[in-house]
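Please look over the structure below before reading the notes on it. They are meant for a reader who has not seen it before.

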Amino acid sequence: MKTNKILSILSFFIFSITIISCVEDNSFETPNIKLEEPNITTSFTVAKVHNDLIQAYNSNGDLTLTYFADENNPTYVTGYVVSSDAAGNFFRTLVIQDAAENPTAGIELLVNNSSLSESFEIGRKVYIRLDGLTVSYDDGESTSFINPTNTVPGVFTLGLLSNENRVDDIPYTSEEQRRALVKSTELATIVPTEIKIGEIEQKHVNTLVSLPSAQFDKEELGKTFAGEPNDEFDGFRTIFECETEATIPLQTSTFSSFKSNKLPEGQGTATGVLAKDFRAEFFVLIANNPVELDFSNSERCDPIVLDCTGATSTDVTVFEEDFQTITNEAQLDGLGWTNVNVSGGSERYEDSSFSGNRYMKISAFGTGEDPMEAWLVTPAINLDGTTEEVLTFDVSANFESGKVLTAFITENYTGDPTTTEWVQIDANIPTGDGGFGDFVSSSINISCLSGDVHVAFKYLGSADNMETRYHIDNIKVTGK
């Protein structure tokens with residue numbers, strides 16, 4: 001199903017270039033006629049469409065199901081529109097949820113029409129004629145897994161089955177679209193479902209949700225929504241949830257009308273369609289327009305971090321580890337390090353290398369652990385014999401699906417990271433949109449600390465959701 005998504009993005013690119021020289025096509029306009037309620041009665045729900053495919057998969061292993069076309073007794077499913085392409089952040093897609101408030105299921109409908117919001121505004125009740133349409137499912141796995149107790153929510157999609165056995169757009173012709181998509185006179189007020197990031201379930205995918213206490217991560221401030229040089233097709237910006245400190249990427253199309261707008265710097269409520277990235281590998285929030293991000297509260301909720309002031313020095317090396325001699329992570333145990341998984345799983349930091357450089361690596365990908373919490377803690381670093389100390393280290397991030405690494409320091413390590421009172425470090429933790437990112441350095445003044453200190457790197461992710469891979473290298477403390 002991923003090929004179709006990529007083709008859709010490329011089509012959007014071509015459309016955006018060519019539309020400048022095109023004459024307006026009046027065939028895309030909605031006829032100025034009085035809307036009447038269609039004579040359609042149906043009890044078919046979006047959840048039933050989900051379950052139909054689940055049953056088909058359990059029966060034959062197919063991840064597509066085509067509904068039989070019956071001209072005499074057509075089958076309709078009803079729902080409410082929660083997406084809009086008016087600002088260019090959705091393309092040839094209508095997102096439909098099954099109720100205006102407290103929805104239990106959502107689905108995306110692919111339609112070859114780049115002006116859907118002119119006819120199908122947010123809150124419009126619609127009837128989708130299923131006859132001849134195909135429903136598919138994608139959870140980002142190479143071998144998809146789908147059943148009623150699936151813990152890896154995916155995306156259900158409706159469209160026409162192509163010759164390549166993928167779900168494609170419904171053609172934009174008056175006959176095809178009017179048969180497949182019928183408007184109701186009802187225009188409801190959509191009430192977003194208030195959730196926390198850690199509470200996301202299958203029922204939330206392709207529905208309108210709100211995060212009540214959120215802000216953009218501090219390291220995102222000053223950026224645009226999707227207008228940075230490295231933004232290709234989409235920009236991803238990390239939304240930070242104040243109460244839980246969980247994160248989720250905000251996905252914004254580089255073809256949106258607000259791509260060059262600066263991110264709001266305050267905190268508040270983030271509203272958008274809960275979706276997955278175009279490879280369906282991780283959750284994203286997609287705003288219909290920037291107004292849905294009501295971050296008008298100027299008081300941010302940034303975590304309290306270590307704040308030492310004064311001069312720092314690199315005259316004397318107090319501690320240094322570049323991992324060049326670590327060829328097995330078990331070696332760290334004998335050197336006074338703590339390398340432990342505290343969430344009941346077995347995955348922990350492991351040694352890795354690239355082009356002769358060795359480092360420690362961590363990722364929840366392929367572990368099956370949800371959640372996965374792993375800690376890497378340095379041996380004791382004694383600061384009593386020096387002053388003006390500074391801590392430096394390098395981190396790279398790959399295959400970003402949320403910021404799930406945090407750095408800490410303490411003067412009172414208990415030997416158990418879960419019982420230690422930690423102070424967060426204002427570290428430069430990068431994000432990676434895919435592939436292998438460059439190492440990014442952090443330099444932290446720790447001159448106000450004394451005695452034995454321990455530096456820790458906490459990874460809190462989950463398989464099939466928050467799987468960002470990190471590399472940690474060149475941990476060093478210097479002083480005078």
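This is a predicted model: local features need pLDDT of at least 70, side-chain atom pairs count only at pLDDT 80 or more; totals for chains, interfaces and linings use all residues.

Residues are numbered from 1 along each chain as its sequence is written, and side-chain values use heavy atoms, with hydrogens and water left out.

**Aromatic rings**

- A pair of aromatic rings is described by the distance of the centres and the angle of the planes.
- The whole structure holds 15 aromatic pairs, where rings of Phe, Tyr and Trp (its six-membered ring) pair if their centres lie within 6.5 Å, and planes under 30 degrees apart count as stacked, over 60 as edge-to-face and the rest as tilted.
- The pair of F216 and F225 is edge-to-face because the ring centres are 6.2 Å apart and the planes stand at 85 degrees.
- F216 and F225 are both buried, a word used for under 20% relative accessible area, with exposed for over 50% and partly exposed for values in between (1.4 Å probe, protein chains only).
- A tilted pair is formed by F408 and W422, with 6.3 Å from centre to centre and 50 degrees between the planes.
- F408 lies in strand β24 (residues 405-410) and W422 in the loop between β24 and β25 (423-424), so this pair ties together parts that are 14 residues apart in sequence.
- Helices (H or I, at least four residues) and strands (E, at least two) are DSSP runs, numbered from the N terminus.
- Both F408 and W422 are buried.
- One aromatic cluster is made up of F216, F225, F258 and F295.

**Charges over rings**

- A charge sits over a ring if NZ of Lys or CZ of Arg is within 6 Å of the ring centre and within 35 degrees of the ring normal.
- K183 has its charged end over the ring of F120, 6.0 Å from the centre of that ring.
- K276 lies over the face of F283, and the distance to the ring centre is 5.3 Å.

**Salt bridges**

- Side chains of opposite charge can pair when their charged atoms come close.
- There are 16 salt bridges, each being a side-chain nitrogen of Lys or Arg within 4 Å of a carboxyl oxygen of Asp or Glu.
- E186 and K125 form a salt bridge at 3.9 Å, N to O.
- E186 is in strand β9 (residues 181-187) and K125 in strand β5 (residues 124-129), so the pair ties together parts that are 61 residues apart in sequence.
- E186 is partly exposed, at a relative accessible area of 32%, whereas K125 is buried, at 17%.
- D231 and R237 form a salt bridge in which the closest N and O atoms are 2.5 Å apart, and both residues are buried.
- D131 and R129 also meet in a salt bridge, at 3.8 Å from N to O, and both are buried.

- In strand β28 (residues 469-479), nine of the eleven residues are buried.
- Two strands pair if DSSP finds at least two bridges between them.
- Strand β17 (residues 316-321) runs antiparallel to β28 and is joined to it by five bridges, with E321 opposite I475 in β28.
- Strand β20 (residues 357-362) is joined to β28 by three bridges, also antiparallel, and K361 stands opposite H471 in β28.
- Strand β23 (residues 390-398) pairs with β28 in the antiparallel sense over eight bridges, with N398 opposite R469 in β28.

**A loop residue**

- N39 is found in the loop between α1 (2-18) and α2 (46-60).
- N39 counts as exposed because its relative accessibility is 79%.
- N39 and S184 are 145 residues apart in sequence, and their C-alpha atoms are 9.7 Å apart in space.

**The largest pocket**

- The largest pocket holds about 1,000 Å³ of space.
- Of the 42 residues that line the largest pocket, the closest to its centre are E245, A246, T247, K403 and L460.
- A pocket is an open set of points on a 1 Å grid over the protein atoms alone where a 1.4 Å probe fits, with protein on both sides within 12 Å along at least five of seven lines, and lining residues have an atom within 4 Å of a point.
- Grid points are joined across faces, edges and corners, and a volume is the space filled by probe spheres set on the points.
- β24 gives the most to the lining of the largest pocket, with four residues.
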